[in-house]
Amino acid sequence: MKRGKSETRLDKIDAFTSLSRQRSIQILIGVGVLYLLLVTVEIPFVFTSVSQETTTTTALTRLSMLESEQDLQDKVAPTRPVNWVSHNSPQPTQSHSHKKPIKILSSLKFDPKTFDPSRKDGSVELHRTAKTAWEVGRNLWEGIVSGKIKVTEVEKPGKNQTETCPHSVLLSRSEFLKQGKVVVLPCGLTLGSHVTVVGKPRGAHAENNPKISLAKDGGESVMVSQFMMELQGLKIVDGEDPPRILHFNPRLRGDWSGKPVIEQNTCYRMQWGTALRCEGWKSKADEETVDDQMKCEKWIRDDDNRSEESKATWWLNRLIGRTKKVSVDWPYPFVEEKLFVLTLSAGLEGYHINVDGRHVTSFPYRTGYTLEDATGLTVNGDIDVHSVFAASLPTVHPSYDPQRHLEISDKWRAPPLPQGSAELFIGVLSAGNHFAERMAVRKSWMQHTLIKSSTVVARFFVALHGRKEVNLELKKEAEFFGDIVVVPYMDNYDLVVLKTVAICEYGVRTVRAKYIMKGDDDTFVRVDAVIDEARKVPEGRSLYIGNINYYHKPLRSGKWAVTYEEWPEEDYPPYANGPGYILSSDIARFIVSEFERHKLRLFKMEDVSMGMWVEQFNSSKPVEYSHSLKFCQFGCIEGYFTAHYQSPRQMICLWDKLQKPGKPQCCNMR
């Protein structure tokens, strides 16, 4: 009997289903065997974890992928600050709490006889100032150590709190005069910030300064009309005039050149940089630009020597189409008794000046300053200011939050002092509120292998600040990093010389170094290069190495005048510029001995004082003077030993470049 087609189809389906069930069972059996195998392998690890739990109860409370505290400390510290200074936040790393407390106070001996107001060497006023600063500083430090001096709740900054500033500032003529012709820019400038000044130059007047006045033929007085617009660092340095971050000086009647001119410059601690003079000639084609803008634009002069023939030729070429570019000569941008609108803007590479909508000059940023340093603008001279408007300003200033730049990690702690003596000791002058500068030094040249191995030792030398909260945070910083020596007097620019003596004392007694070097916290030091320079001097000889000045004369007038009572000689002794110089230990020992015997002559200029002391030592034992421009006084040069006026960002950049093969390169970025 034949089977129907439907039955045949059912048989095929049953066979397929049966086969599928068999495969499923096989798969399940395979999975089960694999599971048993994995469980068997895992059992030993489970028992191991359980046994470890009996000794470390927290072993299973953290995922294995999370890093330990030690792992995190071994890595490069994050740029985001750790708010350890807040009383509500946890204390710094406790792993070193069992160690002996770090000695942070200088051992230099001060006593009432140290500062003698009856000295006959012209340093009477300096000694009086030093005596007062020491007495106030000593009491202040004792209060800080005892805990009597604390920051009140009103003064205490909130968590992550930073100072807020307005986005723009507008001053009328009366408001500008009321503020002493100063426009305060609380948080400085930033990229894209601009300041607009509406003013009118006054008519020319006879020069009234007999030192610079020159009579014309016929006995007529020289007529002058000029004004100065300056960006100043009002909050950079305490106890001295603020630096001129940008000095913009139009001279409508000219100066010694007899032609209208615009001069731009910077000035820091009595030292003017190289001036940029715009005299009506267009910047040369091969001269570097600033954000692709020329440093000096052309304006019409009466000595261009253009003949009628050349003008006719130009017009002819223009008519026949050979000259496609239209050249326009503008007049000098400032006219007596005529309103102008000047806009100063901050670019990527420098400042740009536009007058009445036309670009006039551009000035590159100078080494050592950042845009946020320009916290004030002044306008003085033969000018009536109608209004000032500043906009696109930053609303926060990171430097006002003292510990923002501190990264509390063991990676940046100072290595221990050597058991024996070090070859080189580097003392770095710093101010109490220079948190960012010190952190940049710690993260750059203080990471050199010679310092890490304690062959070279480096320490910051800091006096006390006028703000007690700065001193309290300074003490915490010193205790954690172990690289700060506090010289207990109230900081003053004229008394920097005391820190230098403290550097000598620490170098010869605590470190027992063969060579002593002095630097600043804005000086980048090529540690291997400077120690190689010292090694070039034959063993046993006294040495004084740096960028040495010969036959420099004291200024007898002006803000930084030196009186004949202070310095009766016509020339200073040979002295090395302060940003970086090296001494042999015998000279440093002599300086400390003379200071403690109250016989050391003090002078308000630290580097000149050192030259004076070395000259005195040289009278009894020959000193080998070694001069090199590679100890840079201003900025940086290729192959430098030290680079001065380096911002924190430039410090890090220089260190990064130093790790690469080839000659040491400078960093011109901000």
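Which residues of α12 are buried?

Author: Happy to take you there! A word on the ground rules: this is a predicted model, in which local features need pLDDT of at least 70 and side-chain atom pairs count only at pLDDT 80 or more, while totals for chains, interfaces and linings use all residues. Residues are numbered from 1 along each chain as its sequence is written, and side-chain values use heavy atoms, with hydrogens and water left out.

The buried residues of α12 are Glu606, Asp607, Val608, Ser609, Met610, Gly611, Met612, Trp613, Val614 and Phe617. Here buried means under 20% relative accessible area, exposed over 50%, and partly exposed in between, with a 1.4 Å probe and protein chains only. That makes 10 of the 13 residues of α12 buried, leaving the helix mostly covered. Helices (H or I, at least four residues) and strands (E, at least two) are DSSP runs, numbered from the N terminus. From its first C-alpha to its last, α12 reaches 18 Å, close to the 18 Å expected at 1.5 Å a residue; the expected span is 1.5 Å times one less than the number of residues.

Lysine 518 sits in strand β19 (residues 515-520) and glutamate 606 in helix α12 (residues 606-618), so the pair ties together parts that are 88 residues apart in sequence. Both lysine 518 and glutamate 606 are buried. A salt bridge means a side-chain nitrogen of Lys or Arg within 4 Å of a carboxyl oxygen of Asp or Glu, and the whole structure has 29 of them.

The largest core has 104 residues, and Trp445, Leu498 and Ile591 have the most contacts inside it. Its largest share, nine residues, comes from helix α9 (residues 496-510). Apart from this core lies another, of 42 residues, including Phe176, Phe227, Ile262 and Cys278.

Leaving aside neighbours within four places in sequence, threonine 361 is in contact (heavy atoms within 4.5 Å) with Phe248, Ile262, Gln264, Cys278, Met294, Lys295, Tyr351, His352 and Ile353. Threonine 361 counts as buried, at 0% relative accessibility. Its partner lysine 295 is also buried, at 11%, and forms a salt bridge with glutamate 288, with the closest N and O atoms 3.2 Å apart. Glutamate 288, by contrast, is exposed, with a relative accessible area of 53%.

A salt-bridge network links Arg251, Glu263, Arg277 and Glu279. Within it, glutamate 279 pairs with arginine 277, the closest N and O atoms being 3.3 Å apart.

To step back to the whole chain, there are 13 helices and 24 strands. Of its 670 residues, 45% count as buried.

Notes:
A nonpolar core is a set of buried Ala, Val, Leu, Ile, Met, Phe, Trp, Tyr and Cys residues joined through side-chain atoms within 4.5 Å.
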